[in-house]
Amino acid sequence: MLAELTNVPRDYSWGSSHLIADLQGREPSGVPEAEVWFGDHPGSPALLPSLGMTLDAWFAAQDSGAGTATRLPYLLKLLAAGSPLSIQVHPSREQAVEGFAREEAAGIPRDAAHRTYKDDNHKPEVIVAVSDRFEALAGLRPLGATREILAGLVQNEGVTALDRALEGADEASALRDALGWLLSGQAQSVVDGVIAAVRQAAQATPTDHFAALARIADAYPSDPGVVVALLMNHVVLARGEAIFVPAGVLHAYLSGLGVEIMAASDNVLRGGLTPKHIDVDELLRILDTTPGEAPRLPAIVGEPGVDVFAPGIADFELLRVTVDEGDVRRVRLRGPAIAVATVGAPIVSAADARVQLAPGDAAFATTDEQHLEISGTGELFLAMPGR
């Protein structure tokens, strides 16, 4: 089966007022539009209009009487950030299984504000920029580079105290201790001092990095997450570039439109830039504080017109397919697939069905479809299980 798939934008406060509307060629709704989910996740299952049912209900109907519970291993999204998302990290599968069982045994309601593990799955994710510019924070920067940044700031007690806290031969341990200290609520004077110095630097030296930190401070004044952001890699993606965020890696998306794919989970531990609950001890337990470069994910150039974003996990793989008039791209599937168009009017064809997509439109192909053919003109992203 190949069928149209639809959903409505989720109105999270950090969403853009226009990016999704611009992509879809319609007037903005007047409220923030943050994400459109294409998948069977119960938080916002997509709709199969031709069948009059949501995708999770369709899977349930297929499984009826079989004693199984089929679900997509991934969730595909359009993500439009108008302001910074919370700094966050996701657990490994083993950590999620243990944490979910622990909170279930403790009787913590799954919708409780202080609940951390909503399910027992991991949540690695890839985001590919669709806008010409997409900004993110991803991973902790090597300490030598961070201390050079601190040395260039106007010196005050907060900056000096943070620099001193980052001393130590073991960078991972120094970063873990500093993060715990910053998020503990015991270092507010340090946070305020560093934010003041960052604001001065953004005015005196308006680099991308300082400008981003100043915007974050404007959105979350006095939040310790602003200083956490200072410790992270600032990443600017051009259209078609991607980052891969595995378990344990601190990250936050700041601005822009992207196509995001992740394992089908809702497990998020926050580390700043949010009014929501932050479980500092659990965050530090699962966080990988090993510093390094930003986790960019280069595309693998496959067949003509097909770029593959493959992080090497079983949950998902994401293809970017481009076509010009007269082109036909034949893509072999590995399990259920979802296509979402981002440019032009690509056509998705299977053995006995054909769906033409406009930007923002999506289609779902079931496991019995072994190949899809992409024709027409434009660009789409195709999600499927990983290798």
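Author: Let's start with Asp315, which sits in the loop between strand 14 (306–309) and strand 15 (317–323). Keep in mind that this is a predicted model. Is Asp315 buried or exposed? Its relative accessibility is 6%, so Asp315 counts as buried, the cut-off being under 20%.

Who's around it, then? Setting aside the neighbours within four places in sequence, Asp315 is in contact with Pro73, Tyr74, Arg93, His122, Ala263, Met384, Pro385 and Gly386. One of these, His122, also makes a polar contact with Asp315, side chain to side chain, at 3.0 Å. For a sense of distance, take Leu250: 65 residues separate Asp315 and Leu250 in sequence, and their C-alpha atoms are 20 Å apart in space.

Now for the charged pairs. Searching the whole structure turns up 25 salt bridges. Among them is the one between the side chains of Asp40 and Arg71, with N and O 4.0 Å apart. This pair ties together distant parts of the chain, 31 residues apart. Asp40 lies in the loop between strand 2 (35–38) and strand 3 (47–48), while Arg71 lies in the loop between helix 2 (55–63) and strand 5 (74–81). How accessible are the two partners? Asp40 has a relative accessibility of 3%, so it counts as buried, whereas Arg71, at 42%, counts as partly exposed.

Another salt bridge brings together the side chains of Arg133 and Glu135, at 3.7 Å from N to O.

Next come Arg329 and Asp327, which form a salt bridge whose closest N and O atoms are 3.3 Å apart. In this pair the arginine is the buried one: Arg329 has a relative accessible area of 15%. Asp327, with 22%, is partly exposed; buried would need a value under 20%. Salt bridges can also share partners, and that is how Glu98, Arg102, Glu282 and Arg285 are joined into one network.

So, back to where we began: Asp315 is a buried loop residue, and its side chain has a polar contact with that of His122.

Key: Residues numbered from 1 in each chain as written. Predicted model: local features only at pLDDT ≥ 70, side-chain atom pairs only at ≥ 80, totals over all residues. Heavy atoms only, no water. Helix = DSSP H or I, 4+ residues; strand = E, 2+ residues; numbered from the N terminus. Buried < 20%, exposed > 50% of the residue type's maximum accessible area, 1.4 Å probe, protein only. Contact = heavy atoms within 4.5 Å. Polar contact = N/O pair within 3.5 Å; in protein donor to acceptor, adjacent residues only side chain to side chain.
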